[in-house]
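Grab your viewer and work along.

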Amino acid sequence: MLFLWLYMFYSCAGSCAGLAARGSPAPPRAAPPLPSLLPGEPGEESSLEEQRAAPDAGSPISSFFNGSGTKRLPQAIIIGVKKGGTRALLEFLRVHPDVRAVGAEPHFFDRNYERGLAWYRDLMPKTLEGQITMEKTPSYFVTKEAPARISSMSKGTKLIVVVRDPVTRAISDYTQTLSKKPDIPTFESLTFKNRTTGLIDTSWSAIQIGIYAKHLENWLLYFPIGQILFVSGERLISDPAGELGRVQDFLGLKRIITDKHFYFNKTKGFPCLKKAEGSSKPHCLGKTKGRTHPDIDQEVVQRLRDFYRPFNMKFYQMTGQDFGWD
């Protein structure tokens, strides 16, 4: 009995003293808060400075793992066209968990190329294995140097072009400019070099952008047609899930974005997301989208349709798609 008592005494001496020295365990430290989402409404473009400051903001999953992953050059780029529906497409795609995209337009291959690829890569969000890095800058499609520059970065880059009836697109383009500069000349006066002769002014960017066949010829010097996906801006409104299905297939993604993600907003006249990326609330694009177009002289509209028709026909042949603009 005495032996058992002595054994217990010496065994406790070390461990009990250690417990006394350490005292009671300290309360656990509070976990740091999760990174917040980017400020501002999804769909409204942030500046490059904001994008650089918080390039990884996005879905709750990506916010939780902020700091994980690697910044990579984009494997896919939405290269055009202005006022075709590129912002809508990007916002819809960002719902997909395997798509990580820059919110702001980097304009690297047209305005900032001299800054170098390291600067461009630094703008990109971090991605995990299996995720796709994307960006969109609609002016690339009409920039002569852009195809060669993108090809130089990677000949395997997948390109997406959102196209829209060039007449409607031109009017939408003018409407956007008018909202910023109310004193600009009328659409009709800008359309013609000489209205009497009916000569269209192709130097006006609103007209020039819509000559899709001409711009596409430049891209086909550097990329095969199969590496470029042409998305219909009209079908993106009438059947967003259908067009997103084509885009997901093109990018090699599982078809996760479906009809269940959309509802049609009658007031705005285009589809909206039931749940935007990183949010549990419905989301429509900002007030800058879906502006009411001014009334345009129908004779001018018809002359524009006649002007674009041969270019449209050639574009249909080049892409193998009839977009139904005539």
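**Exercise 1: the cysteine pair**

Cys272 is buried, at 1% relative accessible area (buried means under 20% relative accessible area, exposed over 50%, partly exposed in between, with a 1.4 Å probe and protein chains only). A quick note on the ground rules: this is a predicted model, where local features need pLDDT of at least 70, side-chain atom pairs count only at pLDDT 80 or more, and totals for chains, interfaces and linings use all residues. Residues are numbered from 1 along each chain as its sequence is written, and side-chain values use heavy atoms, with hydrogens and water left out.

Task: find which residue Cys272 is joined to by a disulfide, and work out the handedness.

Step 1. Look for a pair of cysteine sulfur atoms within 2.5 Å, the cut-off for a disulfide. Cys272 pairs up with Cys284, S to S 1.7 Å.

Step 2. Take the torsion about the S-S bond: it's about 95°, so the disulfide is right-handed.

**Exercise 2: the largest nonpolar core**

Task: in the largest nonpolar core, find which residues touch the most other members.

Step 1. Collect buried Ala, Val, Leu, Ile, Met, Phe, Trp, Tyr and Cys residues joined through side-chain atoms within 4.5 Å. The largest such core has 31 residues.

Step 2. Zoom in on Ile79, using contact as heavy atoms within 4.5 Å. Leaving out residues up to four places away in sequence, Ile79 touches residues including Tyr140, Ile150 and Trp219.
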